[in-house]
Amino acid sequence: MSSSERTWKTIESGPHTYEEALHPVVRKNYGKWKYHEIPKPGVLKHVAQSGDAIYTVRAGTQRQDTVDMVRSLCDIADKYADGHLRFTVRNNVEFLTPREENVEPMIRELESMGYPVGGTGNCVSSVSHTQGWLHCDIPATDASGVVKSMMDSLYNEFKDMRMPNKVRLSTSCCSINCGGQADIAVVVKHTRPPRINHDHLSQICELPKAVARCPVAAIRPTVVNGQKTLMVDEKKCICCGACFGACPAMEINHPEHSKFAIWVGGKNSNARTKPSTMSIVAHNLPNNPPRWPEVTETIGRILTAYQKGGRPWERVGEWINRIGWKRFFEETGLVFDEDMIDSYRHARTTFNQSAHVRF
């Protein structure tokens, strides 16, 4: 007869709690901070109610990390930061130390290794971006390469705090926009529905999976030459490219029909004004690796106008709302056309035809 007494211990799977990785000074004063300040670009100082102070040094990284890179950063953490470092959502690396005398030597060593110190306060921070060609299954471009090209030209804007407010950039390698909302976003824009290779589709694709991948229910089963295959309702298709990830026979990438678009005014924070979504201000920019000069030049135009005309603490979207869209296009030299007007009203109908969403 089995005993009711429990003699075994459950071993949980998954990551450890983040509290184990906190610096001892942070753990001691968690939730009890008095104030913080930015002594210089790339350096934060937090002071607790207990009087304890801790310094954070932030440096930009290339995001595509190697084992050697991580080891070199860990060596710096062991040398100056009691073995503690962390990565931010924008792929910056931060080192925390309670000793002020460690700050300047750490900055010199990081920059000698090619990691610029900055990204704090009213600056252009590192770019939040998607995987690109390295990992993603549906990229129309390489988000990582676009980021490299942009940040090469915005190096000083990362290291200095000369903007009216912080500027958050994002880059996405497809129209699904994993990069998210941002002050300025670079997003691929497909301009035609996918091309279907019916000879290959029925042999290499799971038809129900491809149908389910479409967010607007534009894909339907059909029969071509006696074979089960798929069709696309082009009136419903929003040219997002999601189907290509589920079925490579539904090719949507094309050098002439997959272009870049620039969106502005997105904001996730609730400070001063409510969160906002982005609006398109430039499109049909060439998708021309490896340097994407047209994209970089357009981003530079917008940032130059914002830096010149924005009031203190205005985000990009708040600046645009104050001066109006007509003046925005005049200040940036960008060209407005009717294709930028958001007139799409078919979503309610297409969503109601899906098995996933009901209104």
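Q: A salt bridge is a side-chain nitrogen of Lys or Arg within 4 Å of a carboxyl oxygen of Asp or Glu. How many salt bridges does the count come to by this rule?
A: Side chains of opposite charge can pair when their charged atoms come close. Here, the rule gives 18 salt bridges. Before we look at some of them, please note that this is a predicted model, in which local features need pLDDT of at least 70 and side-chain atom pairs count only at pLDDT 80 or more, while totals for chains, interfaces and linings use all residues. Residues are numbered from 1 along each chain as its sequence is written, and side-chain values use heavy atoms, with hydrogens and water left out.

Q: Let's take one. With which residue does Glu-109 form a salt bridge?
A: Its partner is Lys-79, and the closest N and O atoms are 3.3 Å apart. This pair links distant parts of the chain, with Glu-109 in helix α3 (residues 103-112) and Lys-79 in helix α2 (residues 67-80), 30 residues apart. A word on the labels: helices (H or I, at least four residues) and strands (E, at least two) are DSSP runs, numbered from the N terminus.

Q: Which residue meets Glu-157 in a salt bridge?
A: That is Arg-162, at 3.7 Å from N to O. Glu-157 counts as buried, with 18% relative accessibility, whereas Arg-162 is partly exposed at 46%.

Q: And where do the partners Glu-318 and Arg-272 lie?
A: Their salt bridge has its closest N and O atoms 3.6 Å apart. Glu-318 is in helix α10 (residues 316-323), while Arg-272 is in the loop between β13 (258-264) and β14 (279-285), so the bridge spans parts of the chain 46 residues apart. Glu-318 is buried at 12% relative accessibility, but Arg-272 is exposed at 52%. Salt bridges can also share partners, and in this way Arg-58, Arg-86 and Glu-94 are joined into one network.

Q: Now the cysteines. How many disulfides does the structure hold?
A: A disulfide is a pair of cysteine sulfur atoms within 2.5 Å. The structure holds 1 disulfide, formed by Cys-205 and Cys-247 with their sulfur atoms 2.0 Å apart. The angle about the S-S bond is 85°, and the link is right-handed. Cys-205 lies in the loop between α6 (198-204) and α7 (207-213) and Cys-247 in the loop between α8 (242-246) and β12 (250-251), so the link ties together parts that are 42 residues apart in sequence. Both cysteines, Cys-205 and Cys-247, are buried.

Q: What is the strand order in the open sheet?
A: Strands of a sheet pair through backbone hydrogen bonds, either parallel or antiparallel. To count as a pair, two strands need at least two DSSP bridges between them. Here 5 strands form an open sheet, ordered β1-β2-β3-β5-β4, with antiparallel pairing. β1 and β4 are at the edges with a single partner strand each, so one side of each has no neighbour in the sheet. On average, neighbouring strands are turned by 25° against each other, direction ignored. Such angles come from axes, which are lines fitted to C-alpha atoms (for helices over the stretch in contact), and run from 0 to 180 degrees between N-to-C directions.

Notes
Buried < 20%, exposed > 50% of the residue type's maximum accessible area, 1.4 Å probe, protein only.
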